[in-house]
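Please look through the model below before reading my notes.

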Amino acid sequence: MNRKRVIVIGGGIAGMESAANLASMGYDVTLFEKSQELGGHLLGWEKLFPTMRMGKDVVKFLDKGVHLAKVNIVKNSNITNASKNGNLFTVSCGDGAKYESEALVLATGYDIFDAKRKEEYGYGIYDNVITSAELEEIFLSGKPLLTTKGEIPKRVGIVHCVGSRDEKVGNVYCSKVCCVTAVKQSIEIKEKIPDSNVFCFYMDLRMFGMHFETLYKQAQEKHAVNFIRGRLSEACENMDGSLLVKVEDTLAGKPLRMSVDILVLMVGMVPSEGTKKIGTMLGMNFGANGFLKSQDQHTMTSISNIPGAFFAGCCGSPRTINNVFADARSAAMMTASYLEAYDIEERITYI
Amino acid sequence: MKYDPFVIPFCLGAIILAFVLIYKYFSWIFALNKTDKHKILKGIFSVRIFKAIKEVFLESLLHRKVFRVNPMLGYMHMSLAFGWLLLILGGTIESKVHSLKMFNTPYEPIFFKFFNHDISMFSGAEEFKFVMDLLLLFVLSGVSLAFIKRFYSKLFGMKKTTKLKIGDWMALTALWFIFPLRFFAESFTSGIYHNGGFLTGTAGNFFASFLPLENLTYIAWWAYSIALGAFFIALPFSRYMHIFTEVVLIFLRNFGIKSTKEYNSFSEFEIHSCSRCGICLDKCQLLTAARIKDTQAVYFLQSIRYNNLKEGKAFDCMLCGKCQEFCPVAIDLNNIRISKRMEFASGNNNFDYLIPKIEKTAPIIYFAGCMTHLTPTIKIAMESIFKESKTDYLFLDKDGGICCGRPLMLAGEILNAQKLIEKNVKLIKELGAKTLVTSCPICLKVFKEDYELDIEIVHHTQFILKLAEAGKIKLNKSDLNVVYHDPCELGRGSGIYDEPRTLINKVGNLKSISQEKELSLCCGSSLAGIQLNSVQKELVRIDTLKALEKNNPDCILTACPLCKKTLAKDSSIDVKDISELVWNGITESKIVELTQNSN
């Protein structure tokens, strides 16, 4: 029997999970990953909110999924062209290899916001300003969190919404994961350095997921993390390398300055370069924020404007891991139903 | 006395016009403050009056500044203004020579050919005929160009022309009719009496060959008189009010009267001097890039004049000053906009909590400004340059100083701005420094214009250049090809174009771009653009970046932290402040020196 083929681009959570599901349904699935390892951004996170389970645990689950279902995996792929000709999708790689399929799932994910664009926070200028992703790397490496002088920080500041909900950098959307990541990371800092003081500077705390609120309460009650409502205006370096932050405490209604030894920026998500590149190659529609746009916000999620092309995960919008799982499976389902000639478009009625 | 009823419309129009103008001008002059009135009295009896007359001749008649924008447009304005005046002067002389009287009825020169059929009697009559016809042709060429411009403005270098009000249309139509009607009236008369020159004479003979001129001539004179009368009556209510007002304005300006931050009756002279030529339209990025069609200087002044200014129109302008740079009447447009913002200003804030504390002092004080604090690389570069040059300086706002006041000023909150200025002035005076250096052109402008400090106030580009010229720092020329973005407040705002360029040429290769210096574009984030939304700002920003990135330079340089921050948002090319490039050069040369020494 000639099996129908599906190309999945992007080997992060969304790509792996949709590939695994499609392959387990009997399709001939090829998964492309630009790096040498599957797992995407998840490889960089140590513990996951809200349960603090290990990120690699989830990677294992995903790995098993693609291997058990016998997904063809192309690593280190450099896709130079992706297009739809007639009913077939063609993907060409830098090494000259060409792949064809009847359907395609784009799971090219997000990039981390470049914190240098918020120059006033001093990332890339002052040594002790790091991003949440870099903090996670430190946790993952098992090394202690130290200032550049090698001292244990006594005070750590955490800045929420860096590159999210910020008209000044052109990103007006919420990246969803940073609030709870900040809560998670502040607990972790406190667990590793119990004597330290951790200050979170937030606009709003969006604890929308199940158990997020519990984690937030825990951070306050058990770990005495300070939550200060107010956006940071600027940070500058003191003589000793510590950072002076200026912020308005909007609950107390007064300007505030304080010194911290390390400042962690909660960087948000932006549409990845890969999403922009391959989405454009395929002629997919992008929404106002630069993420891929589905045919209908409520009823046609994962379905792109190109028949047979679907998308999953954070290339559509910022999402948490469990939402990416749900989205990946939904995209797999939509892809399968397309290949089985189920016409979902038939159901669309506009009033 | 020569009289015919057809002169009534003309006379009536002229009398009404004279009364309206005299009433308006006198009431505005009356409302001026004492010092300004005194200036007028002093000015009238001084040499300044000759300067004013010269300027009136060059600008109101020859329209020199319009010529600079576009020669066709200049010719059109000149032929109408200067041509018409010459026609009046020529007619006056002609009628006086003819009648050999010092005084005749005021309308006689205008309708000379109607009243004087046999004009070959006096000496020079032929020459007069020729000159008067030539002048009429001159004016008619202007009218035809004005007509063409309405439908094909691109020919005059204008993409957009002003949308007109009803009053303008009435006056415009009358104006269009005046000279063709004069041409017909004189030609018809000449067709019967052969008193025309090369133009009206020839045309008269031609018309006589197929038209019943005996009936038409009188009608044509009536029509000519009505067109004149209609134009005069419509004039004070239309844009043509500028014809006379600009003349008065030029005199007042030459007498030393300036626009102030507050809207006053001098502002009335200014807004009535706007001819709505629309030159400002194409210069405005809010129109060309952000597609805002109703806020340009011409519409803004119009809405003040007709008392329907809406708050949005006062507050969406970026005050980049480009329109002002090209205004042929040189109206102080930014000042008028700020003065109108004042009318919407609300606040009377209490800044008592701001208590400046400075212990030491130094001959040079550095005021980075809030935007520089938000772009720390500039601040670091400046501090390093100060240290490198061994400058004894005090970083006045290191731990957050008091705002310079310019943002409030731009918002029309002059009272609040004044309070901040007072605090800073007191502080700076106490310090007794010689020089005030700032990194922010926004601060620079307010320091220079509103602080009344008796010390040298310089932008950091000027200061660094001086350090380099005095040999206090050694600059290192890199191979980078750079372009320079003139910040509005530094360039058009403070007239500083050359020092930044001289400095850049010492540290890189400055490439010129299509829109620089007076023509430079705004980054889009001007603090003045209070009502602009992020999309509109982005459109301006992208427009500006397109011009800067055109020849793919290695680096875009600017001299304003706000411009830098704004342009960096969307630029694919590195955006830096000049000070950063200077400091990079110094550190690089040090590294070279170190390696050479170790070798």
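Where is Arg291(B) found? Arg291(B) sits in the loop between helix H14 (285-288) and helix H15 (297-305) of chain B.

This is a predicted model, in which local features need pLDDT of at least 70 and side-chain atom pairs count only at pLDDT 80 or more, while totals for chains, interfaces and linings use all residues. Residues are numbered from 1 along each chain as its sequence is written, chains are lettered from A and ligands numbered from 1 in the order in which they are written, and side-chain values use heavy atoms, with hydrogens and water left out.

1. Arg291(B). Its phi is positive, about 55°, although Arg291(B) is not a glycine. Most residues other than glycine have a negative phi, and most peptide bonds are trans. Arg291(B) counts as exposed, at 60% relative accessibility (buried means under 20% relative accessible area, exposed over 50%, partly exposed in between, with a 1.4 Å probe and protein chains only). Helices here are DSSP runs of H or I with at least four residues, and strands are runs of E with at least two, numbered from the N terminus.

2. Arg276(B). This residue also is not a glycine and has a positive phi of about 55°. It lies in the loop between helix H12 (265-272) and helix H13 (279-283) of chain B. Arg276(B) is buried, with a relative accessible area of 3%.

3. Cis peptide. The bond from Phe49(A) to Pro50(A) is cis, with omega near -10°. Pro50(A) belongs to the loop between strand S3 (47-48) and strand S4 (53-54) of chain A.

4. Sheet in chain A. Three strands form an open sheet in the order S15-S16-S17, with antiparallel pairing (two strands pair if DSSP finds at least two bridges between them). Strand S15 (232-237) and strand S17 (254-260) are the edge strands, each pairing on one side only. S15(A) and strand S16 (residues 243-249) pair over five bridges. Glu237(A) has Leu243(A) in S16(A) as its bridge partner.

5. Cavities. A cavity is a set of points on a 1 Å grid over the protein atoms alone where a 1.4 Å probe fits but cannot get out; lining residues have an atom within 4 Å of a point.

6. Lining of the largest cavity. Of its 18 lining residues, Ile442(B), Cys488(B), Glu489(B), Ser526(B) and Leu527(B) lie nearest the centre. Helix H21 (406-410) and helix H27 (561-570) of chain B each supply at least two lining residues.

Note on methods
1 Å grid on protein atoms, 1.4 Å probe; cavity = no way out; pocket = protein on both sides within 12 Å on 5 of 7 lines; lining within 4 Å.
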